[in-house]
Structures are given as structure tokens and as C-alpha cells.
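This report looks at the disulfide bonds of one protein and at the parts of the chain that they join.

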Amino acid sequence: MLARATVASIGALALMVACGGAEPVATDVDGGSASHDAAPVPVDAPPRQVACSDRGAQPVDATWTVAGRHVEVHVPASYDPELATPLVLNLHGLTSSGADLIEHSRMLPVADARGFIAIHPDGSSSPRSWNAGDCCDGAAASGVDDVAFLAAVLDEAEARLCVDPRRIYAAGFSNGAFMAYRLACELADRIAAIGPVSGQLGIDDCAPSRPVPVMHVHGTSDLIVAYDGDGFVDYRSVDETLGFWTARDGCAEATTTTYDQGDATCVTYTGCDDGADVVRCTIDGGGHQWPGGTSTGVLGGMLSDDLDASAALWAFFAAHPLPS
């Protein structure tokens, strides 16, 4: 079993960097390749259908309280309470908060432009974290059931907002990326696709109920969650993490380059079951960061703008609803 991160080992390091992160890839709605020379272009979801008749108007920004935790909720200005609307959970890193990741990921402008709900919940306290298995204490040490908490957040969203149940997605940075992987393992009936940034699979008994599309974004010089697994803490490597998902999703070993600009390269594994594409986006020399976002400091490597992770993740998500 892999070593679990402790507050002493990774928590102190996390305080040295801003918690943001993700990695995008450019794909067409049908899963085809985008131009290698162009920046990732977000893809619109299909037209929304009338789905709700009992939801009221919502403020653009609100803070909910679910199970005693703050949940930052943003609906696009175009939100119509009668139309089914996609939703993206975006999960912060260790010692950070949902409000921090709003700033660092720059997800809200993408939500406004493409018309999806963006929800940024807070992890449990002391320090603020998610129980994603190997990462991170104190939530992991305390056995906090964050899968149940995030399911309750989705329940609250579906009660208050007109949510498209086939287009619910999870992204996350660092500890939040680990948590996105756990949701794919344990909540695959609700989470259509995931977009982990600078994090790995952190549980050994992952058994998703179906193939889950994955877009993984990671810098090769990340010193907190090492690309090759040989970092401050003994996590899985990107090869090990994606090796699990390509096997589970039935992908072939062959890959196609779907984005290549500057320091950023994305490859897509081909032939995956049920269209559950697996994409690896690598930032050559990138540190522990959210590409295209902001950061007050990057531990190891550099902060890259060669990939707009938030826009690219939405392009990937829009192409991967839950199967009918």
C-alpha cells in the first residue's frame, strides 16, 4: 500500500504554493483531434432541454452550507431555471479552500462563457483537506466520508438548481485531484468524467461501475506530487495511475497527439470502451500548478500558460456525458 501523506510531510510543502491546477486537452465533440497549433477551444454541450418547472431564479454567486461546510456556487448569467444545465465540481488542494481555487483555476469565466454551473466546496478542517485515500491528512487520518459529503452537495444542487444529471463532472487540484479520482471510483453512476490536475489515484480498491473518461494534467517537475512517483511522498506515478484507467476503460496502448503547444502536450489513448477516452496532458518542466491559472508560487518547475486547463477541461467534459 502506498504511503499516506501526513501534515508534516506534504502539508508544510503545500503551504509554500498556491493551490490551483489542472491540465487541458483540445478535443472535438466527437472525440477527434484539435489543431496542434491552436489554443484549446471550449466545446458547447448540446442544446439544453426543458427539464424543471419548480426551480426559482438564483443569484449568480452564493455560498451554501452543506453538512457544516461552505460551498461556493456560481451559476452563469445565462442560467434558466427551467433548462437542464451541466455542473462541474472543482475541488481544492490541501490547506486551501473552494474560494482559493476559484481564483487560481479561473474556472468561472469559462462557466459564464459556456453555460455550466461551477461548484467549489470546502474540504473538512484541521487542516482543510479531502479523504482521497493516500492523500491527505487530516481528512484521511480521521476517516472523513468525503464521497458521501460530495454526494450530498450534488443532492443539494439538484434540489435547488436545474441540473442535467448526465452532465455532472469533477475536476480538482492536488488533494482535490486525488478526490476527483476517488469520485470516479465510487460515484461513477453520477460523475460523467473527471479532470484531475497535479494529483494521482490514491486508493487501492478502485472499482468503478463503468468506464470513466479521464483527462489528467501534470507537470514533469512537480515536487509535491511527482510525475514519476519519486517525490516527497510515495504516491503512484502518472504511468501507474493512467495504467489503471486505460486498463479499466479498455483502451488500446496506442495514443494520438491531440494538443501540442510550447511546453504542453496532450495525448489521447485510443479505442476505449463506451467512448471513455483517457487523456494525458503533460507540462514539460511544469511545477505543482494549474496551467493557465494563477499562482503565488510554484514548488518545482514553472507556471505554464501554454495550456488553458479550465477551458480545455470543459471541452473534454462537454464531449463526455454519462451514457444514455
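## Disulfide bonds in the predicted model

C52 and C162 are both buried in this predicted model. The two cysteines form a disulfide, with their sulfur atoms 2.2 Å apart, and the link is right-handed, with 90 degrees about the S-S bond. Because C52 sits in the loop between α1 (7–14) and β1 (61–66), while C162 sits in the loop between α5 (146–160) and β5 (163–173), the pair ties together parts that are 110 residues apart in sequence.

With a cut-off of 2.5 Å between cysteine sulfur atoms, the count comes to five disulfides. Numbering the bonded cysteines of the protein in sequence order gives the pairing 1-4, 2-3, 5-6, 7-9, 8-10. Three of these links, including the one already described, are set out here by their sulfur distances.

| Disulfide | S to S distance |
|---|---|
| C52 and C162 | 2.2 Å |
| C251 and C272 | 2.0 Å |
| C266 and C281 | 2.1 Å |

The link of C251 and C272 is right-handed, with 110 degrees about the S-S bond. C251 is buried at a relative accessible area of 15%, and C272 counts as buried at 11%.

For C266 and C281, the torsion about the S-S bond is about 110 degrees, so the disulfide is right-handed. Since C266 belongs to strand β9 and C281 to strand β10, the pair ties together parts that are 15 residues apart in sequence; both cysteines, C266 and C281, are buried.

Terms used. Residues are numbered from 1 along each chain as its sequence is written. This is a predicted model: local features need pLDDT of at least 70, side-chain atom pairs count only at pLDDT 80 or more; totals for chains, interfaces and linings use all residues. Side-chain values use heavy atoms; hydrogens and water are left out. Helices (H or I, at least four residues) and strands (E, at least two) are DSSP runs, numbered from the N terminus. Buried means under 20% relative accessible area, exposed over 50%, partly exposed in between (1.4 Å probe, protein chains only).
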